[in-house]
Structure formats: C-alpha cells, structure tokens
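Please keep the sequence and the structure in view while reading.

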Amino acid sequence: MTLLQFKKYLDQEYLFDKVLDYILAVLILSCGLFLIYESLLTDWSNQLSLGLFISTLLLATYCVYFGIVGFLRIPNLTQIHSIINNDGRENNRKRVYDLAKKFNLFTYPYEIRDNIIMFDTKKILFGNKELFFYYNDKGIYFNVQHKNYRDPKYGCYYSTKKLTNRIISELKDSSS
C-alpha cells in the first residue's frame with residue numbers, strides 16, 4: 001500500500017461523515033443567518049425584550065461562526081501527518097505499538113490492511129478519537145479523527161489537534 005492509497009482509504013472511510021458534516025454546517029449557518037435577518041431587518045424583533053434580543057444575536061453569531069468554521073475545517077479532516085525516517089518497516093511498526101502503550105490506546109485486534117493499524121482512545125470527557133497509523137520503511141503516517149456521533153467531527157478540533165501534536169512530538173523524540 002502506498003501513501004496515496006492510505007489517503008484514499010481515509011477519504012472513503014469518512015465520506016459519509018464529511019457529507020453529514022457539510023449538511024450540518026449548512027443548516028447551522030442558515031439558522032444563524034436567518035436569525036440575524038429576522039432580528040435586524042424585520043419587525044419580529046420589536047416584540048422582544050432587550051435581553052432576549054441580545055441573546056438571539058449572540059446565538060445567531062455563534063451559529064454563523066460554527067457554520068463557517070465547519071466549511072474551513074471539514075476538508076482537512078483526513079489530513080495525514082507524517083514522521084519521515086528510514087528505520088525500516090519493523091522498527092516503525094514497533095514504534096507505533098510503543099506509542100499506543102504510552103498513550104494508553106485501545107488496539108483493535110487486527111490490522112485493517114497492509115500496514116494500517118487502527119487505535120481508539122479511552123477518553124470520556126472530550127470524546128473518543130480514532131487513530132489510523134500507516135507505516136512503511138520510509139516513515140510513519142497517521143490521522144486522528146474525533147469519534148463522537150452526537151456532534152460534527154470538526155466540533156472538537158482543538159482536542160484532536162492537541163493529541164496530534166503530542167503524537168508528533170513523541171514520535172520525533174523517540175526517533176532521536
């Protein structure tokens with residue numbers, strides 16, 4: 001398997017999630033724009049108290065922000081991060097499993113395809129993450145996905161980014 005095939009595998013694996021996230025982003029953005037339109041450009045807001053009017057504008061602003069953020073982040077959900085080294089295939093495989101032990105990742109009992117390993121975190125508070133690792137003799141490549149079916153995958157972007165940065169720093173430190 002090549003790196004391009006790994007990217008295609010991830011795109012195919014999360015195709016439904018991306019479509020659903022785009023639909024949610026459109027709905028959230030539309031709701032925010034509708035609330036702004038109704039609040040500022042029609043007589044509907046004349047019947048509201050000041051507190052309710054401000055709350056409506058804050059909710060509308062949040063919806064617009066969350067919808068725009070969705071459109072900016074959804075294309076990068078299947079971004080592949082790479083740690084390039086020439087340690088060999090077995091050493092890279094060992095480094096991936098050592099990383100899983102260190103981060104206390106749940107290992108699925110099989111490798112998905114040639115050189116692809118899937119892990120899952122055990123976090124309860126910030127939602128679970130799915131981690132896909134692909135290794136070969138040239139390096140280690142991985143993707144981290146938020147795994148929570150109650151909200152869009154781009155909703156917990158910062159906790160996913162934090163885990164990604166920790167993995168990158170750990171793999172770079174272990175190669176030295």
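**Cores, rings and overall fold**

The largest nonpolar core comprises 17 residues, and those with the most contacts inside it are Phe119, Leu131, Phe133, Ile167 and Leu171; such a core is a set of buried Ala, Val, Leu, Ile, Met, Phe, Trp, Tyr and Cys residues joined through side-chain atoms within 4.5 Å. At least two residues of this core come from each of helix H4 (89-102), strand E3 (116-120), strand E4 (128-136), strand E5 (139-147) and helix H5 (157-175), where helices (H or I, at least four residues) and strands (E, at least two) are DSSP runs numbered from the N terminus. The model is predicted, so that local features need pLDDT of at least 70 and side-chain atom pairs count only at pLDDT 80 or more, whereas totals for chains, interfaces and linings use all residues. Residues are numbered from 1 along each chain as its sequence is written, and side-chain values use heavy atoms, with hydrogens and water left out.

**Packing**
- A second, separate core has nine residues, including Phe6, Tyr14, Met118 and Phe132.
- Apart from neighbours within four places in sequence, Leu171 is in contact (heavy atoms within 4.5 Å) with Ile83, Arg95, Leu99, Phe133, Ile140 and Phe142.

**Aromatic pairs**
- The whole structure holds nine aromatic pairs, that is, rings of Phe, Tyr and Trp (its six-membered ring) with centres within 6.5 Å, counted as stacked if the planes are under 30 degrees apart, edge-to-face if over 60 and tilted for the rest.
- The ring centres of Phe119 and Phe133 lie 5.5 Å apart with the planes at 80°, so this pair is edge-to-face; Phe119 in strand E3 and Phe133 in strand E4 are 14 residues apart.
- Both Phe119 and Phe133 are buried, meaning under 20% relative accessible area, with exposed over 50% and partly exposed in between (1.4 Å probe, protein chains only).
- Tyr134 and Tyr141 form a stacked pair, because their ring centres are 5.8 Å apart and their planes are at 25°, and Tyr134 and Tyr141 are both buried.
- Tyr97, Phe119, Phe133 and Phe142 are linked by ring pairs into a cluster.

**Chain and annotation**
- The chain has five helices and five strands, and its elements run α-α-α-β-α-β-β-β-β-α from the N terminus.
- Of its 176 residues, 42% count as buried.
- An unreviewed UniProt entry annotates residues 20-37 and 49-72 as "transmembrane region", although annotations may be inferred rather than shown by experiment.
- Residues 20-37 are 100% helix, with end C-alpha atoms 26 Å apart, and residues 49-72 are 96% helix, with end C-alpha atoms 35 Å apart.
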